[in-house]
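Please look through the structure below slowly, chain by chain, with the sequence beside it.

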Amino acid sequence: MGIISAIGHTVEDHRTSLMASKSGISTISNFKTAHANSIKVGEIKKTNLELSKALNLPENHNYTRTALLGCIAVKEALAQANISDVFNYKTGLISATTVGGMDKSELHFPDFNSSKNAEKYISSHHAGDSSNKIANYFNITEFVTTISTACSSATNAIMLGARLIRSGQLDRVIVGGTDPLCKFTINGFKSLMILSDEICAPFDANRKGLNLGEAGAFLILESERARQDKPVLAYVSGYGNANDAFHQTASSENGDGAFLAMQKALKLAKLQPEHIDYINAHGTATVNNDSSESAAIKRLFTQVPKFSSTKAFTGHTLATAGAVEAIISILAIQEQAVFPNLNFKNPIPELGLIPETKLVSAKINHVLSNSFGFGGNCSTLILSKA
Amino acid sequence: MSLQLELKEKIIELLNLEDIAVEDIDNSDALFGDGLGLDSIDALELIVMLDKDYGIKLTNPNDGKAIFQSIDVLANYIKTHRTK
Amino acid sequence: MKTCYINSAVSISTQDTFDVEKLVFKPLDYSNSTVKAKYLEFKKFISPIALRRMSSAVKMGVTASQLALSKAEIEVPDAILTGTGMGCIDATETFLEAIIANNEDYLTPTAFIQSTHNTVGAQIALGLKCKSYNNTYVNGAVSFESALLDAKLCIELDEDNSILVGGIDEIGATFSDLQYKNELKDDSEIRLPKSEGAHFFGLSNIKKENSICLKSVEVLHHLKINSIETHAISILKKCGLDEVDAIITGHKNDEFDVYYESLLENTFQNTTQIAYKDVVGDYFTVSGFAVFLAQYMLINQTIPEGLTVKQNKAKPFKTILLYNQEQGQNHSFILISTC
């Protein structure tokens, strides 16, 4: 696993922050926006120049922040999995992003035609560019693709990776996502009136909306054959994807899509709801998501297991959220602990669900992690103890 | 032009209601749900219109529900609260 | 393992390709940097209340998907998988311009919502009230192929029985033109205009009257130019073939055509060779058109008029190989046959 987000630049940083209940939400400082004082974000306090240096890139490169964050995370993941040669087994890459090269496009849109410095970012605009850059940086020559289903993207990347290994198409696949903060998404969510000016409070009765975040997060899936004698961090035991088919941005009141995605994942994992020890919820802290997700959880689980949303740590990292939270879920299995749902005070009256608000030890064999996005895209992953 | 008519023209243009004419909207017709069939995204468009054209700022999208009931209700609200 | 059949193929392109009996292609207009697709009367297919917010990508995608489903006799599919290179670029540009013009003030959400890459797949699901598997791939020239490969695996692994697969790209006001000019600077040859279109297919594990077989889909990020031919031969071998009856390539009349030439110069030098981008223009998911073309050839046993054809041999078409690449990377091979 490899990850960079607002709560740290490595997996170990994340473990430390999560165990210490330390949020990474702050005021934006890497770039100027009119909304700087009216929103809180999960920003990585590293400039593009610092990230480029860490990757030893030449000065005139055209890596967007999306590609930079992705490379940093993949670098750590390859090192942790002890992979120095990507050619000894058929290795693929499936990345997820919503903004693609937008962080550079929004800067240069007015002068693409006139400035030499801007021109090099025309070809980096499309969503596949960051994945191509990551693949080229690490010499990945086999299957490379990118998924963009809004905020469920990275979960779908993990799903496809698992399917490619199951079918024998690949022996090893690097799966995850990368999304930087940019004005495009800040203004988009602002126009939907769902950004909070405080640190977000998932599942709280008085939640005011979400905090956007940024992250690069990748996991390496390997077949038994490619794994050899390496230790297994966790198993992808189930996955499910369903569509709410209700509204372009809003989730249905009873959370049909979420319910179906969780149900499918359990079925594939051959598990019953009572086998789930911890739910890492999508929990964005918007009025709509949290009530819809709560309703779906209550429908599926007669006894709701321990659950929390970790969005108040990292912010909502959009396409990357599914990979960030898959890593957090694996850390929960390793630590045998449920990470807290920060800032929760009062349950939503009509639903009454109460998340874990403090770090608690628990026996965790199976974690269910949810990620939902615009367009009704709902995806669920089940990660199990090795 | 009456404020009602002005609002109808704005709504048709803003929300791309190509097949609907000003005459098709009654002053007391429901704009959302069973009436004109507008949804939550349209409500957000109308909130920005209130701010931009009449200097009325709504911070909670839920407040829109009461204000956007019909053209008449909306016009009355604007008359009382407009700052420009 | 189950067999994956393509039971319908629908195209909206710069040519008259939507629901026509006989394909005849006219020369493409090279005088501008972009050429729009032939738009249909979308009102016939989509309700006005839904239509009012849709960009051309969504209109084309929703319309093409409807016909693909009805031709394949699928009411509601078990999965909707789409690919798009540039996504909903028109709405993206609209929102970006609004941010810049209004200094981040007075922004409305419609264009932002529409700019999301999965808008087409999501709108199709919403229209059909289809709650099943839904995914969107966005990796340049292999966006459509990624969706096709995923669909093939889902059918073969018996995860799903019927799948709607499509590729969509639209022209926006700015980026298509920028891309065209950007590529033009690389060499001075006359370039293909940028264009747009939607290609949708109904896939299933059940063979129908007009079914063809999807034998193989391979996507490779990088491939050395001198190993393209051996790679193609290895794909044929895996499918128990020594040769194919036709090869459809993504020739673009640029310096990267050497990749196609390298495939065609030895073993396949006498095989029927067809190029298509010169009649439908260039965009990331134009390779969907090649699958549509191959399906037409296998069913009608003829090559449509107006295409660039080499080594045209009079023999029945049973197997067709498709090869495409994007500036020397994102290679894809698709093998299709009669059943």
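Helices (H or I, at least four residues) and strands (E, at least two) are DSSP runs, and they are numbered from the N terminus. The model is a predicted one, in which local features need pLDDT of at least 70 and side-chain atom pairs count only at pLDDT 80 or more, while totals for chains, interfaces and linings use all residues. Residues are numbered from 1 along each chain as its sequence is written, and chains are lettered from A and ligands numbered from 1 in the order in which they are written.

Chain A has 13 helices and 14 strands, and its C-alpha atoms fill a box of roughly 60 × 50 × 40 Å along the principal axes. For the radius of gyration, which is taken over C-alpha atoms, the globule rule is 2.2 Å times the number of residues to the power 0.38. A compact globule of 386 residues would have a value near 21 Å, and the 19 Å of chain A agrees with this. Of the 386 residues of chain A, 62% count as buried, where buried means that 20 or more other C-beta atoms lie within 10 Å of the residue's own, exposed means 12 or fewer, and partly exposed is in between, with C-beta atoms placed from the backbone. Two residues are in contact if their C-beta atoms, placed from the backbone, lie within 7 Å. Among the contacts in chain A with a separation of 6 or more, 78% are between residues 24 or more positions apart.

An unreviewed UniProt entry annotates residues 1–385 of chain A as "domain: Ketosynthase family 3 (KS3)"; UniProt positions are given in the numbering used here, feature names are shortened, and annotations may be inferred rather than shown by experiment. The end C-alpha atoms of residues 1–385 of chain A are 15 Å apart, and the span is 33% helix and 17% strand.

Chain C comes to eleven helices and eleven strands. Its radius of gyration is 19 Å, close to the 20 Å that the globule rule gives for 339 residues, so chain C is as compact as a globular protein of that length. The C-alpha trace of chain C spans about 60 × 50 × 35 Å along its principal axes, and 58% of its 339 residues count as buried. In chain C, 81% of the contacts between residues at least 6 apart in sequence join residues at least 24 apart. Here UniProt, again in an unreviewed entry, places "domain: Beta-ketoacyl synthase-like N-terminal" at residues 44–166 of chain C, a span that is 51% helix and 12% strand and whose end C-alpha atoms lie 20 Å apart.

Chain B has four helices and zero strands, which read along the sequence as α-α-α-α. With 84 residues, a compact globule would have a radius of gyration near 12 Å, and the 12 Å of chain B agrees. Of these 84 residues, 23% count as buried, and the C-alpha atoms of chain B fill a box of roughly 30 × 30 × 20 Å.

Two packed helices are described by the angle between their axes and the distance between the axes. Axes are lines fitted to C-alpha atoms, for helices over the stretch in contact, and angles run from 0 to 180 degrees between N-to-C directions. In chain B, the axes of α1 (residues 3–14) and α4 (residues 71–81) come within 9 Å and cross at roughly 110°. α1(B) and α4(B) are therefore roughly perpendicular to each other, given that 65 to 115 degrees counts as roughly perpendicular, under 35 as roughly parallel, over 145 as roughly antiparallel and the rest as oblique. Residues that meet there include B:Leu3 and B:Leu7 in α1(B) and B:Leu74 and B:Ile78 in α4(B).

In chain A, helix α3 (residues 65–80) and helix α6 (residues 128–137) pack at an angle of about 40°, with their axes 9 Å apart. That makes α3(A) oblique to α6(A).

Most residues other than glycine have a negative phi. Phi of A:Ala285, however, is positive, near 80°, and this residue sits in the loop between β9 (278–280) and α11 (287–300) of chain A. Is A:Ala285 buried or exposed? A:Ala285 is buried, with 27 other C-beta atoms within 10 Å. C:Asp158 also is not a glycine and has a positive phi, of about 65°, but with 10 C-beta neighbours inside 10 Å it counts as exposed.
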